[in-house]
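Trainee: I would like to learn how to read a protein model step by step. Could you take me through some features, giving the general idea and then the case at hand?

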Amino acid sequence: MPRNQNSNRLKEHILISPIGSFDARLIKRVGREVQRVSGYTASPAIIIQDIEFAYDQSRAQHHSTLILQKLARLASPRTVKILAITRVDLFIPILTHVYGEAQMGGKACIVSTHRLNEGLKSGISEMFCQRVVKEAIHELGHTFNLRHCKDHACCMHYCRTIKDVDRKSDQLCRYCNILLNDEIKRRSEK
């Protein structure tokens, strides 16, 4: 790889973008885990603060696809991916709610903590942090073209309930890990 391309690769990063206020420890932990899985530096940065444009009054939820579109438009050229984290309840029209959504093979993904505290006391518990990390890795995986995995332990396994989230690990299975590494390699060769 020519020297200037390698230099540019080192400057690329994944943004962890909180929407609203979050405990800095949670954002730092998500960033550390994103970096562990992807190999890219994870940097916190606020991209958007107001997402009321995505609020659907009839559902009392926010349409996540609209937020993703805005995030992708606002991304800098050196931003590989944007992972937004919000407290609001998210939906897509065909589902009652989503823990998160991603642009498949795109730039942006989002995770909602709204339902990830189900069955937990308020505050930052270890279980809550694990759930957020798992969903963050899952949605980020979709931006790298990873599909849902049949392996119930794989982080890319589709979760219908919070019990499904708790059951899966924060690791990619061997197959999904190979696919992720292939996608990252393909991206770096562009």
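Trainee: Where is the confidence lowest and where is it highest among the elements of the protein chain?

Mentor: This is a predicted model, and pLDDT is the predictor's confidence in each residue. The mean pLDDT of the protein chain is 91, with 95% of its residues at 70 or more. Among the elements, helix 1 (residues 3-11) has the lowest mean, 45, whereas strand 8 (residues 108-112) has the highest, 98. Over residues 1-9 the pLDDT is below 50, and this stretch has six contacts in the model beyond near neighbours in sequence.

Trainee: At what angle do helix 2 and helix 4 pack?

Mentor: Helix 2 (residues 24-38) and helix 4 (residues 126-143) pack at about 45°, and their axes are 10 Å apart. Angles under 35 degrees count as roughly parallel and 65 to 115 as roughly perpendicular, and the two helices are therefore oblique to each other. The crossing of helix 2 past helix 4 is right-handed. Among the residues that meet there are Leu26, Val30 and Val37 in helix 2, and Phe128, Val133 and Leu140 in helix 4.

Trainee: Is Lys81 buried or exposed, and which residues is Lys81 in contact with?

Mentor: A residue counts as buried under 20% relative accessible area. Lys81 lies in strand 5 (residues 79-86) and is buried, because its relative accessible area is 6%. Leaving aside neighbours within four places in sequence, the contacts of Lys81 include His13, Leu15, Lys107 and Phe144, as well as Leu140, a residue of helix 4 that meets helix 2. By contrast, Lys81 and Ala60 are 21 residues apart in sequence and 28 Å apart in space, C-alpha to C-alpha.

Trainee: What does His62 touch?

Mentor: His62, found in strand 4 (residues 61-63), is buried too, with a relative accessible area of 5%. Not counting residues up to four places away in sequence, His62 touches, among others, Ile51, Tyr55, Val88 and Phe91.

Trainee: How many disulfides does a search of the whole structure find?

Mentor: A disulfide is a covalent bond between the sulfur atoms of two cysteines. The search finds zero, and the cut-off for such a pair is 2.5 Å. The closest cysteine sulfur to that of Cys154 is in Cys176, 3.8 Å away, so this pair is too far apart for a bond. For Cys159 the closest cysteine sulfur is in Cys155, at 8.1 Å, which is also too far. Cys154 counts as buried at 1% relative accessibility, and Cys159 counts as buried at 9%.

Notes:
Residues are numbered from 1 along each chain as its sequence is written. This is a predicted model: local features need pLDDT of at least 70, side-chain atom pairs count only at pLDDT 80 or more; totals for chains, interfaces and linings use all residues. Side-chain values use heavy atoms; hydrogens and water are left out. Buried means under 20% relative accessible area, exposed over 50%, partly exposed in between (1.4 Å probe, protein chains only). Helices (H or I, at least four residues) and strands (E, at least two) are DSSP runs, numbered from the N terminus. Contact means heavy atoms within 4.5 Å. pLDDT is the predictor's confidence in each residue, from 0 to 100. Axes are lines fitted to C-alpha atoms, for helices over the stretch in contact, and angles run from 0 to 180 degrees between N-to-C directions. Angles under 35 degrees count as roughly parallel, over 145 as roughly antiparallel, 65 to 115 as roughly perpendicular and the rest as oblique. A crossing is left-handed if the near helix is turned anticlockwise from the far one by less than a right angle, and right-handed if clockwise.
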